[in-house]
Amino acid sequence: MPPSIKVVPNSKLFVSEPDPSRFGNPGNPMNDAKWTNSNWLKSRFHFSFAEYSSRHNQDFGVLRVMNDDLVQPNRGFGTHPHRDMEIITYIVEGELTHKDSMGTEETLGRGSIQFMTAGTGVRHSEHNLNKDKPLRFIQTWITPSGYGLTPNYGSCSGNASERKGKLQHLVSNAMDPSTKTPVEINQDCDAFAAELAMGESVELDIPGGRMAYLLCMEGGVKLSDEAELKRHDAAEITTAGGSVGLVKIEATETEKVEDGSEVAHVLVFIMRQIAGAGRNDLCTKAGWIF
């Protein structure tokens, strides 16, 4: 039996544009040609977070938060705390500068991924220090397998050749000795990224008893010839019983990106299936949320 695909369109994501002072930023400039948004931050929330609270849209399995953040030049998130969460950040465009209470400080570019085990507590800041270009990243919070863990940080610089035309396995379970990836977290969860040229496709294998959350970050894709996603759209993919799910991801629309190539760009998380997981706050029709 083929997997069930429910598309969550961009129009149904909660959009947050907080006041600049909330995270230690100066006011927004007037008519700055280098800015692509009038506010310093435009964040799309996939699940309940901050000022958006819905008991019908709390999470998807172990995914507790997924925020699609667009940060304007020379702006960012001042130092703030986290605890008891696995935090994964994937850079879509621009450069993210991270600094934390563990002594880590680095700048990462497109296709790079970083993680923090917040555990017993960590403080960090995230900034776009570039004065000319915006920064976009996807930050995902994953419920850890245990609480009170020792804080940890890790990262992997992006390499376009590893994800062009194929699924790059970026994240896996630290407790699974059979798999080695650039990032390993304290949860049974995997993450993959791919960049596809027009008409190019890859197959996503979802083992029995597992489910996936897929985000189209750039361009557009078709999933198994039945569901279409555009930029910012997502999809909940579940399997029936213990059956294995195979999803074809085909690029149907591309965008010119930082390295000059034209691609569709996706990020997908696979985790243990939980009965009843997913959005239940809206009616559905033919896989779409209205």
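How many nonpolar, polar and charged residues does the lining of the second largest pocket have? Keep that in mind for Exercise 1. The model is predicted.

**Exercise 1. Describe the second largest pocket by its volume, its lining and the classes of its residues.**

Solution. 
- Step 1: take the volume. The second largest pocket holds about 170 Å³ of space.
- Step 2: list the lining. Glu 93, Gly 94, Glu 95, Asn 128, Asn 130, Lys 133, Pro 134 and Glu 258 line the second largest pocket.
- Step 3: sort by class. The lining of this pocket has four charged, three polar and one nonpolar residue.

**Exercise 2. Describe the largest pocket, and find which elements give two or more residues to its lining.**

Solution. 
- Step 1: take the volume. About 250 Å³ of space lies in the largest pocket.
- Step 2: look at the centre. The largest pocket is lined by 19 residues, and the closest to its centre are Phe 23, Phe 49, Asn 67, Asp 69 and Phe 77.
- Step 3: find the elements. Two or more lining residues come from each of strand E3 (41-45), strand E4 (63-71), strand E5 (75-82) and strand E11 (135-142).
- Step 4: sort by class. The lining of the largest pocket divides into nine nonpolar, six polar and four charged residues.

**Exercise 3. Classify the ring pair of Phe 14 and Phe 45, then follow the rings onward.**

Solution. 
- Step 1: The structure holds ten aromatic pairs.
- Step 2: classify the pair. The ring centres of Phe 14 and Phe 45 are 5.8 Å apart and the planes meet at 20 degrees, so the pair is stacked. The cut-off for stacked is under 30 degrees.
- Step 3: Phe 14 belongs to strand E2 (residues 14-16) and Phe 45 to strand E3, so the pair ties together parts 31 residues apart in sequence.
- Step 4: check the surface. Phe 14 is partly exposed, at 28% relative accessibility. Phe 45 is buried, at 4%.
- Step 5: move to the next ring. Phe 45 and Phe 49 make an edge-to-face pair, with 5.2 Å from centre to centre and 80 degrees between the planes. Phe 49 has a relative accessible area of 23%, so Phe 49 counts as partly exposed.
- Step 6: join the rings. Phe 14, Phe 45, Phe 49, Tyr 52 and Trp 141 are linked by ring pairs into a cluster.

**Exercise 4. Find the strands that pair with E18, and say in which sense they run.**

Solution. 
- Step 1: take E21. Strand E18 (residues 220-223) pairs antiparallel with strand E21 (residues 245-253) over four bridges. Leu 223 has Ile 249 in E21 as its bridge partner.
- Step 2: take E19. Three bridges join E18 and strand E19 (residues 227-229), again in the antiparallel sense. Val 221 has Leu 229 in E19 as its bridge partner.
- Step 3: look at the turn. The hairpin of E18 and E19 has three residues between the strands, and Ser 224 takes a positive phi near 50 degrees there. Asp 225 lies in the loop between E18 and E19. Asp 225 has a positive phi of about 60 degrees, although it is not a glycine. Most residues other than glycine have a negative phi.
- Step 4: check the surface. Asp 225 is exposed, with 53% relative accessible area.

**Exercise 5. Describe how strand E17 is covered and paired.**

Solution. 
- Step 1: count buried residues. In strand E17 (residues 210-218), nine of nine residues are buried.
- Step 2: take E23. E17 runs antiparallel to strand E23 (residues 262-272), joined by eight bridges. Tyr 213 stands opposite Phe 269 in E23.
- Step 3: take E20. E17 also runs antiparallel to strand E20 (residues 234-238), with four bridges. Leu 214 stands opposite Ala 235 in E20.

Notes. Residues are numbered from 1 along each chain as its sequence is written. This is a predicted model: local features need pLDDT of at least 70, side-chain atom pairs count only at pLDDT 80 or more; totals for chains, interfaces and linings use all residues. Side-chain values use heavy atoms; hydrogens and water are left out. On a 1 Å grid over the protein atoms alone, a cavity is a set of points where a 1.4 Å probe fits but cannot get out, and a pocket is an open set with protein on both sides within 12 Å along at least five of seven lines; lining residues have an atom within 4 Å of a point. Grid points are joined across faces, edges and corners, and a volume is the space filled by probe spheres set on the points. Ala, Val, Leu, Ile, Met, Phe, Trp, Tyr, Cys and Pro count as nonpolar, Asp, Glu, Lys and Arg as charged, and the others, Gly among them, as polar. Rings of Phe, Tyr and Trp (its six-membered ring) pair if their centres lie within 6.5 Å; planes under 30 degrees apart count as stacked, over 60 as edge-to-face and the rest as tilted. Buried means under 20% relative accessible area, exposed over 50%, partly exposed in between (1.4 Å probe, protein chains only). Two strands pair if DSSP finds at least two bridges between them.
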